Amino acid sequence: MNKILVCGGAGYIGSHVTLSLLRKGQTPVIVDNFANSDPSVIGRLNSLAGVQIECHEVELADEAAVSRTFQEVKPSAVIQLAGLKSVGQSVANPTDYYSVNLGITLNILSAMERYSCDRIVFSSSATVYGEPEYVPIDEAHCVSPINPYGRTKYFQEEIIRDWVAAGELSSAVILRYFNPVGADASGVIGEDPSGIPNNLMPILGDTAAGIRKEVEIFGGDYATRDGTCERDYIHVSDLADAHVAALACDPEDKFEVFNVGTGRGVTVREAIDAYSSALGRPLPERMGARREGDAASSVAANEKIVSRLNWRPLRSFEDACRDDVRWRSQKSKSNSM
Ligand code: UFG
């Protein structure tokens, strides 16, 4: 049996990747330390998939623990999504971010070498492009991350590039995510950020739930169609499917980088309107000042992934809003039981 090790498989994106693998008849094995995820996600995945998923609670920053896990699981491939992901914390504690994020990937690559596992799919981010020089952003766009978190992503890409160059059979696919949103259509798994969220969709959800009074729009004077910032929001289930497609990418393509986005921008104003429609009532909102570091527009050129992998985005931003509303309502029901 070919086991796929999903590092960070209990997290928001990892849980959807795990589900996508199961739905395509593959055998994911979750490895997570549950630092930023809820262990209850495993039971919910089991009930959704109708199987008992193999899961290991492992500190991936611990080299010996990673090696033991590889020895036991003997995976044929790895999907690496584990790591710290707060931009703000990475600015405050850069050494932690470099040590944890780079350390995890180095431990995984060493164990892959030791146990002859040749294929890795790596979770990177469009944040590596920094301030876009042109939009839509293609993979040839220069890389210039503007914070430590973004640099850890870029440095991990480069470490993987060197690892591939050194190994005769090794190959890697780097997926640069744009803005992941939404939840599985079942409403059983979704985004569950610990602490106060910074990203737009969890903020829309918190406002809908009354946890926040209103949505503050960060600036209305950008050079976009309605003056608010534009992003490429990719449904998390489409993003998850991209990982499965990436695993099937021809290993002859030793090191490939793909943007994962829809190719279509949605402004903050359009996002609020779409979420309000999914809810069936308008969300309270207020125009605020620009947020430092925000680009006016970030949209993916996705032609490369669409033409090279058996993948294209199937779900709209409206689907993502509907699925997020469903997930949040089911979660609050189960919390109150
Ligand atoms: N926004 C608001 N109000 C809010 C929160 C966000 O108007 O309360 C706006 C932002 O200004 C931005 C858009 O909503 O225009 C999306 O903001 P997010 O914080 O959700 O996403 P970003 O595009 O800023 O950042 C995301 C990821 C980062 C990653 C970056 C680049 O969260 O981790 O994309 O890929 F680094």
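An oxygen atom of the ligand is placed 2.8 Å from a polar backbone atom of L200, a polar contact being a pair of N or O atoms within 3.5 Å. The model is predicted: local features need pLDDT of at least 70, side-chain atom pairs count only at pLDDT 80 or more, and totals for chains, interfaces and linings use all residues. Residues are numbered from 1 along each chain as its sequence is written, and side-chain values use heavy atoms, with hydrogens and water left out.

**Ligand surroundings**

The ligand has 18 residues around it, of which N199, L200, E216, R231 and D294 come nearest; a residue is near a molecule if one of its heavy atoms lies within 4 Å of it.

| Residue | Protein atom | Distance to a ligand oxygen atom |
|---|---|---|
| L200 | polar backbone atom | 2.8 Å |
| R231 | side-chain N or O atom | 2.7 Å |
| R291 | side-chain N or O atom | 2.8 Å |

**Helix pairs**

Two packed helices are described by the angle between their axes and the distance between the axes. Axes are lines fitted to C-alpha atoms, for helices over the stretch in contact, and angles run from 0 to 180 degrees between N-to-C directions. Helices (H or I, at least four residues) and strands (E, at least two) are DSSP runs, numbered from the N terminus.

The axes of α5 (residues 94–114) and α6 (residues 148–166) come within 9 Å and cross at roughly 20°. That angle makes α5 roughly parallel to α6, the term for angles under 35 degrees. The crossing of these two helices, α5 and α6, is right-handed, meaning that the near helix is turned clockwise from the far one by less than a right angle. Residues of α5 including Y97, L102 and M112 take part in the contact, as do residues of α6 including F155, I159 and W163; contact means heavy atoms within 4.5 Å. By class, the contact of α5 with α6 has 13 nonpolar, four polar and two charged residues. Ala, Val, Leu, Ile, Met, Phe, Trp, Tyr, Cys and Pro count as nonpolar, Asp, Glu, Lys and Arg as charged, and the others, Gly among them, as polar.

For α1 (residues 12–23) and α8 (residues 236–247), the axes come within 8 Å and cross at roughly 60°. Helices α1 and α8 are therefore oblique to each other, a class that holds the angles left after roughly parallel, roughly antiparallel (over 145 degrees) and roughly perpendicular (65 to 115). Their crossing, that of α1 and α8, is right-handed.

**Backbone features**

V135 and P136 are joined by a cis peptide bond with omega about -5°, and P136 is in the loop between β5 (119–125) and α6. F34, a residue other than glycine, has a positive phi near 60° and lies in the loop between β2 (27–32) and α2 (40–49).

Terms used. Polar contact = N/O pair within 3.5 Å; in protein donor to acceptor, adjacent residues only side chain to side chain.
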